Amino acid sequence: MYSCPVSRSSAMMRCLTVTVIFVMFLFLSVIQNCKSETSKSGDYIIYMGAASSDDSTDNDHVELLSSMLQRSGKTPMHRYKHGFSGFAAHLSEDEAHLMAKQPGVVSVFPDQMLQLHTTRSWDFLVQESYQRDFTEMNYGQESDVHEGDTIIGFLDSGIWPEAQSFNDRHMGPVPKKWKGTCMRGKKTQPDSFRCNRKLIGARYYNSSFFLDADYETPRDFLGHGTHVASIAAGQIISDASYYGLASGIMRGGSPNSRIAMYRACSLLGCRGSSILAAFDDAIADGVDVISISMGLWPDNLLEDPLSIGSFHAVERGITVVCSAGNSGPSSQSVFNAAPWMITVSASTIDRGFESNILLGGDESRLIEGVGINIANIDKSQAYPLIHARSAKKIDANEEAARNCAPDTLNQSIVKGKIVVCDSDLDNQVIQWKSDEVKRLGGTGMVLIDDESMDLSFIDPSFLVTIIKPEDGIQIMSYINSTREPIATIMPTRSRTGHMLAPSIPSFSSRGPYLLTRSILKPDIAAPGVNILASWLVGDRNAAPEGKPPPLFNIQSGTSMSCPHVSGIAARLKSRYPSWSPAAIRSAIMTTAVQMTNTGSHITTETGQKATPYDFGAGQVTVFGPSSPGLIYETTPMDYLNFLCYYGFTSEQIRKISNRIPQGFACPEQSSRGDISNINYPSISISNFNGKESRRISRTVTNVASRLIGDEDTVYTVSVDAPEGLRVRVIPRRLHFRKIGD
């Protein structure tokens, strides 16, 4: 037995050190005796909260635990030491449970695989901004923005440095604040990957799951990282198109910003341990914005790599922008909804891809359709037209056959014909239908569907067009009234300005947030449907049949929405370097719009009026965030209180953050309902039955200069309350004398 003297503090410290080391060696002996036969093993993340304030590596608990693992023959895959503390290692379940009980450990959880949420868009946003009056605060129109040296870090699938979007013409020297590196990889030709003054840094992370030397490089083999990076910060390209479609000028939202790529994803997804390693490096490297287009189903904030990494990044003043997910239109499907993140849903733009259908011969009728068709066939020729039901196999289910499900159609009937397919089975993907018709020798497919705006997953080398149900009735009437019905699918035309936009596509994930309804998520909507951006050079897998590899590609998803907001956040950080991540989010949200280009309210894909659970504050604007007037500064204390209200203890929170005020303690008798009172730019109230009133408080900060002489800046409240709800704002007028009040 070792007794501790109590009279001298130094002796007490020696006592504590001996005690901790004794516990650690006891833990080691247990690890060494754990048998793999009695416990499943796997990769785990050991999260140990905030890193030391000086970024040193001498965190006793981390060093002791990792050294114990090494003594037992287990080497940590990653160590986290800059923005937060911890490591990742291969453990048995028993070892993981024991590890979770050790001093300094916040959480231990499996190293899960996250999935990626996979330009006219900027022209459309600029046009929308010009239609709104954002000059009333006397900021002037921001037609020529110089983003300066803001750095956007992308946690993604890598980057193709030779793409035109990433050339460094007219770029100045690399910012002095940049502390990162350009890892060239270990493949046979490491010098083939080079950074420049635009792409200033690149890293890659391989877990035990990916040992293939092909992946020991920051180079992108999926296209996803290249696409999103060019959306946010790509250079201006004057003649971009997808095989002649969507042609015009393509540019990123912040074309003068620098890019740092952290390749944490490969073919099968993105390992949580690699994502945390990327966060850790990005924090140390000096990025200003982190853009993340992937997600993990919300379950536990302290077991979500994105929630953990983004918390520590925001603590260091880095704005983190995340995709909301592609699991819509189901309620409570939103990903990445912690309050320190900016969560982005998807919306459409006013560009459409017309692929109309000509019914009949001499007395033809035109049916409007949408699609991207660049098939090498005679597009003026008419082909026999049938409904899939008439090609059903004898033993097939009729409903499945109507929907062109695999192995339900007779090849001899389908061959050489255009097949009309229904779309009323939830588990049938459009691409599966077109692939099946193509496999059976069909000439083309007409899909009856009013919810499919995403054309990016359809094989463009096969004739496919999508029509509305009311037009489907016309086609069926023609088929049923004609002995030998024929049709022609017309060549695709891209048109701008004539489509109602924005609207919210069905795939975009919806709120409310699964873990609490007391915060509104998503925060904002941005273009994410059929977005043209840079692609891998020479990628034959992306080339339609008979076509050369594309330099640009069309993709859809909240993956594409996220970098639109990342680019705007970078512009704001350059214009207002002192603004916090919360101020940037507030400016983006409070200047959003909820109207379309025709003045009507934003709708969902089905034409129903969209709600804040679909689009958050509304559609992002380009110039509006530069002149928000007022901002809602969500403070670090708000985030700490959020953790308290959510249910974490003061002891847990002290481990998570090393920036806690002295004497901090969670408020007594708090609940998740109190989350409504953190100083967020939106207000969401849970469990409100209407029988009693609820009082919610906010603090706003003036960021607008006086308009004339010595007059105060005055804001007057206007309330447009939901039906049946009475809302009062006190005071009704706000007076400010200077910026910062």
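The paragraphs below follow the salt bridges and the disulfides of this predicted model.

Local features are described where pLDDT is at least 70, side-chain atom pairs count only at pLDDT 80 or more, and totals for chains, interfaces and linings use all residues. Residues are numbered from 1 along each chain as its sequence is written, and side-chain values use heavy atoms, with hydrogens and water left out.

We begin with charged side chains. A salt bridge here is a side-chain nitrogen of Lys or Arg within 4 Å of a carboxyl oxygen of Asp or Glu, and a search of the whole structure finds 19 of them. One of these joins Arg219 to Glu162, with the closest N and O atoms 2.9 Å apart. Arg219 lies in the loop between strand E7 (199–204) and helix H5 (224–233), while Glu162 lies in the loop between strand E6 (151–156) and E7, so the pair ties together parts that are 57 residues apart in sequence. Helices (H or I, at least four residues) and strands (E, at least two) are DSSP runs, numbered from the N terminus. To describe how far a residue is covered, we call it buried under 20% relative accessible area, exposed over 50%, and partly exposed in between, using a 1.4 Å probe and protein chains only. Arg219 counts as buried because its relative accessibility is 10%, whereas Glu162, at 44%, counts as partly exposed.

A second salt bridge brings together the side chains of Arg510 and Asp614, again described by its N to O distance, 2.9 Å. This pair links distant parts of the chain, with Arg510 in the loop between strand E26 (503–504) and strand E27 (524–527) and Asp614 in helix H14 (residues 612–615), 104 residues apart. Both Arg510 and Asp614 are buried. Lys521 and Asp523 also meet in a salt bridge, at 2.7 Å from N to O, and both of these residues are buried. Elsewhere, Arg203, Asp281 and Asp285 are linked in a network of salt bridges.

We turn next to the cysteines. A disulfide is a pair of cysteine sulfur atoms within 2.5 Å, and the whole structure contains four. In one of them, the sulfur atoms of Cys182 and Cys195 are 2.1 Å apart. Cys182 and Cys195 each lie in the loop between E6 and E7, so their link ties together parts that are 13 residues apart in sequence. The link is right-handed, with 85 degrees about the S-S bond. Cys182, at 23% relative accessibility, counts as partly exposed, and so does Cys195, at 22%.

Another disulfide joins Cys404 to Cys421, with an S to S distance of 1.9 Å; this link is left-handed, with -85 degrees about the S-S bond. Both Cys404 and Cys421 are buried. Cys644 and Cys666 are likewise joined by a disulfide, 2.1 Å from S to S, and their link is left-handed, with -75 degrees about the S-S bond. Cys644 lies in helix H15 (residues 636–646) and Cys666 in the loop between helix H16 (650–656) and strand E32 (701–702), so the pair ties together parts that are 22 residues apart in sequence. Cys644 is buried at 5%, and Cys666, at 19%, also counts as buried.

What keeps Cys562 from bonding with Cys322? The sulfur of Cys562 is 6.2 Å from the closest cysteine sulfur, that of Cys322, which is too far for a bond. Cys322 is buried, at 0% relative accessibility, and Cys562 is buried with a relative accessible area of 0%.
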